[in-house]
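Here is a short briefing for a reader new to this structure. Look over the sequence and the model first, then read on by topic.

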Amino acid sequence: RKYPLQWVERLGDRSRVFRSARAEEKVARLYCEAKQKRLDAVYARVRSRLEKEWTLDEARVKRKTVQRKGGTLRSRLAQLDCGEAIYEALLSAPDPNGLEDLLSSSQQRLIGNYRLRRDE
């Protein structure tokens, strides 16, 4: 006589559970589904935290880039000394290429470094 394979699972309370191959497959599938749900919940929490941080960072950058009324474009652009602020100014400019031509060499290095960090 041939006996079907049985699987043994040891539980935390030192008891054992014997299962057939079909029952083991079902338990394994349920375990994977539960594990995926837990991972999705963790990803959702992390995503919401990151989105909150990004919105706070964007608000900080907007406050930095708010310029005083008056003054020329060159003088306002010369005051920017942060890669983020320069990047946001370029994004909000009607002509980003023309504005980028007005940047000093140090500002161009700052914006280049910021873009590299942002792309990582």
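Is Glu 24 buried, partly exposed or exposed? Glu 24 is partly exposed, because its relative accessible area is 24%. Buried means under 20% relative accessible area, exposed means over 50%, and partly exposed lies in between (1.4 Å probe, protein chains only).

This is a predicted model: local features need pLDDT of at least 70, side-chain atom pairs count only at pLDDT 80 or more, and totals for chains, interfaces and linings use all residues. Residues are numbered from 1 along each chain as its sequence is written, and side-chain values use heavy atoms, with hydrogens and water left out.

**Overall build**
- The chain holds 5 helices and 2 strands. Helices (H or I, at least four residues) and strands (E, at least two) are DSSP runs, numbered from the N terminus.
- From the N terminus, the order of elements is β-β-α-α-α-α-α.
- Of the 120 residues, 13% count as buried.
- The chain exposes about 10,500 Å², and carbon and sulfur atoms supply 52% of that area. Accessible areas come from the Shrake-Rupley method with a 1.4 Å probe; for residues, only the protein chains shown count as cover.
- Among contacts with a separation of 6 or more, 33% join residues 24 or more positions apart. Contact means heavy atoms within 4.5 Å.

**Salt bridges**
- The whole structure has 4 salt bridges. The rule asks for a side-chain nitrogen of Lys or Arg within 4 Å of a carboxyl oxygen of Asp or Glu.
- Glu 24 pairs with Arg 19 at 3.5 Å, N to O. Arg 19 counts as buried, at 16% relative accessibility.
- Arg 29 and Glu 33 form another bridge, with their closest N and O atoms 3.7 Å apart. The two are 4 residues apart in helix H1, so about one helical turn separates them.
- Arg 115 meets Glu 100 at 3.3 Å, N to O. This pair links distant parts of the chain: Arg 115 lies in helix H5 and Glu 100 in helix H4, 15 residues apart.
- Bridges with shared partners join Glu 9, Arg 19 and Glu 24 into one network.

**Aromatic pair**
- The count of aromatic pairs is 1. The rings of Tyr 87 and Tyr 114 have centres 5.3 Å apart and planes at 55°, so the pair is tilted.
- Tyr 87 sits in helix H3 (residues 83–92) and Tyr 114 in helix H5, 27 residues apart. Both Tyr 87 and Tyr 114 are buried.
- Rings of Phe, Tyr and Trp (its six-membered ring) pair if their centres lie within 6.5 Å; planes under 30 degrees apart are stacked, over 60 edge-to-face, and the rest tilted.

**Buried residues**
- Gln 107 belongs to helix H5 (residues 105–119). Gln 107 is buried, with a relative accessible area of 6%.
- The Gln 107 side chain reaches the backbone oxygen of Leu 80 at 2.8 Å.
- Leu 103 lies in the loop between helix H4 (96–101) and H5. Leu 103 is buried, at 7% relative accessibility.
- Leaving aside neighbours within four places in sequence, Leu 103 contacts Leu 77, Ile 86, Gln 108 and Ile 111.

**Surface and loop**
- Arg 14 is in the loop between strand E1 (6–10) and strand E2 (16–20). Arg 14 has a positive phi of about 70° although it is not a glycine. Arg 14 is exposed, with a relative accessible area of 82%.
- Val 46 is in helix H1 (residues 21–65). Val 46 is partly exposed, at 41%.

Conventions
Polar contact = N/O pair within 3.5 Å; in protein donor to acceptor, adjacent residues only side chain to side chain.
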